[in-house]
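Open your viewer and get ready to click from stop to stop. At each one you will be told what to select and what to look for.

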Amino acid sequence: MAGHLPRAPGFGMLAAMQDLRWPTYAVRDLVLDGAAPGRDPDGRGSVYVADAEGNEYLDGVGGIGCLPLGHAHPKWVAAIAEQAGKIAVAAATFPTAPQRRFVELLVERSVVPDARVFLANTGTESNEAGIKIALRATKRDVIIGFERAFHGRTLGSIALTATPAYRDPYVSCLGEPDERFARMNVARAVFDDLESVEKLFKQYGERVAAVFVEPIQGEGGIHPASKAFLLGLRGMCNEYGALLGTDEIQCGSGRTGNFDAWTTIVGDDPKDAPDIAWYAKALGGGFPIAACVAKAGIAEHMSKGSHGSTFGGNPLASAAGLATLQIMDDENLLDAAADQLPTLHEIVAERPHRRVTEVRGLGAMLGIEISGEGEPAAPLGDILQDEGLLVTVCKGKTIRLLLPYRADEAILRDAWSRIRRGLDKLHT
Ligand SMILES: Cc1ncc(COP(=O)(O)O)c(C=O)c1O
């Protein structure tokens with residue numbers, strides 16, 4: 001429960017300070033300070049975080065899916081410190097040892113066969129790289145995306161992101177009244193509905209450069225695609241000569257038990273694999289690094305100067321990424337991640353709650369849907385914070401838990417008890 005630990009002196013001043021950032025975020029009344037002391041006795045990263053007053057919280061936000069190892073995993077901290085003492089940044093024209101090794105591991109692990117890698121810093125940047133390579137390699141101009149999709153906040157990415165409020169007033173989509181985004185045209189289909197995709201292929205035919213899909217929609221409310229849908233997309237892209245891209249930013253990097261959520265849903269037959277995949281969030285264990293991975297025959301369309309990033313793949317970030325992948329292997333974290341949803345199902349079945357209509361997701365990507373009209377779950381972010389559990393709420397209906405992969409039955413029971421208490425206080 002929140003409120004156990006003594007108040008840190010002077011915290012009041014920090015909380016009261018004016019927030020001088022752009023007012024773009026729904027800011028919580030909470031200043032996070034670090035891993036909760038004493039909550040990581042075995043040195044495997046803390047699933048609990050403390051605020052600046054010393055209250056502790058079970059962290060189901062994890063920087064929105066960026067903390068597969070939890071907070072302050074000692075080996076991850078040591079790897080970053082060691083690299084910082086050597087060389088932090090080198091222009092991308094100068095390869096470094098940690099970057100070379102990190103890229104090798106990505107090529108080994110990614111679902112994309114015979115892959116080549118572009119390194120970036122954030123999710124939206126890796127999505128933009130996916131857009132550029134798809135348009136360049138095919139010389140076509142339409143990308144098919146999906147309702148409820150989220151691919152990031154830069155201009156190309158928001159064109160693919162479904163939420164109109166994020167796109168307005170910058171970009172519009174084909175078929176919408178005000179088509180003003182000239183170079184990339186997004187046509188939007190219904191998620192998990194092949195017929196709606198086929199209709200767009202028939203309409204735009206050889207203009208379609210690519211289909212971009214999240215195998216599990218995250219921001220859209222934790223909706224996994226079916227295997228038949230993803231395989232159907234593969235078949236249609238083959239038929240029309242379009243590329244298939246999987247956005248693994250939130251669901252990938254091990255969160256579902258395989259490196260790619262695509263593999264968890266579809267399997268690992270290379271003939272079914274996507275052509276492009278992109279990763280961020282959990283990839284650096286909390287340090288910003290992202291990657292867009294494409295088949296070699298596609299990557300060769302990116303000539304010198306056609307894309308770049310000053311910080312992308314810098315040695316410090318690469319060292320963090322390397323340590324993250326190594327720790328995931330050493331501690332069997334992908335298997336642990338895979339167990340989360342089945343374990344939560346068992347816990348919820350033992351002690352159901354009348355407000356919960358569905359528990360869904362895959363592995364460590366968990367969604368708990370709340371009954372009620374409109375946006376019944378909207379107040380739960382704050383209510384559960386008071387119960388000592390940090391969550392995000394998707395579309396006002398679904399509690400989203402993106403816990404560190406190690407979160408086991410005891411931690412999931414702890415989370416569920418707090419959620420039950422919070423639900424008892426929900427009057428929407
Ligand atoms: C599926 C997906 N794609 C892209 C992004 C954008 O990532 P970033 O915020 O690092 O730019 C996100 C972020 O939530 C995401 O969940």
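On this tour a residue is near a molecule or strand if its C-beta atom, placed from the backbone, lies within 6 Å of it. This is a predicted model, where local features need pLDDT of at least 70, side-chain atom pairs count only at pLDDT 80 or more, and totals for chains, interfaces and linings use all residues. To find your way, note that residues are numbered from 1 along each chain as its sequence is written.

**Stop 1: the ligand**

Select the ligand and its surroundings. 15 residues surround it, and the closest are Gly123, Thr124, Gly152, Ile249 and Gln250. Helices (H or I, at least four residues) and strands (E, at least two) are DSSP runs, numbered from the N terminus. Helix H5 (residues 123-138) gives the largest share of the shell around the ligand, three residues.

**Stop 2**

Next, select strand E7 (residues 208-213). A residue is buried if 20 or more other C-beta atoms lie within 10 Å of its own, exposed if 12 or fewer, and partly exposed in between, with C-beta atoms placed from the backbone. Six of the six residues of E7 are buried, so this strand is largely enclosed by the rest of the structure.

Which strands pair with E7? Two strands pair if DSSP finds at least two bridges between them. Strand E5 (residues 142-146) runs parallel to E7 and is joined to it by three bridges; isoleucine 143 has alanine 210 in E7 as its bridge partner. Strand E10 (residues 243-247) is also parallel to E7, with four bridges, and here valine 213 stands opposite threonine 246.

Step on to strand E11 (residues 276-279), which runs parallel to E10 and is joined to it by three bridges. In a regular strand the side chains alternate between the two faces of the sheet. In E11, Ile276 and Trp278 point one way, Ala277 and Tyr279 point the other way, and all are buried.

**Stop 2: a loop residue**

Zoom in on glutamate 206, in the loop between helix H8 (194-204) and E7. Is glutamate 206 buried or exposed? It has 12 C-beta neighbours inside 10 Å, so it counts as exposed. Two residues are in contact if their C-beta atoms, placed from the backbone, lie within 7 Å. Glutamate 206 touches Arg140, Tyr240 and Gly241, not counting residues up to four places away in sequence.

**Stop 3: a kinked helix**

Select helix H13 (residues 333-350). The expected span of a helix is 1.5 Å times one less than its number of residues. H13 has 18 residues and reaches 26 Å from its first C-alpha to its last, close to the 26 Å expected. The bend at a residue is the angle between axes fitted to the seven residues ending there and the seven starting there. Look for a kink of about 35° at glutamine 340, shortly before proline 342. Buried residues of H13 include Leu333, Gln340 and Leu344.

**Stop 5**

Finish at arginine 148, in the loop between E5 and helix H6 (155-160). Most residues other than glycine have a negative phi, and most peptide bonds are trans. Arginine 148 has a positive phi, near 70°. With 20 C-beta neighbours inside 10 Å, arginine 148 counts as buried.
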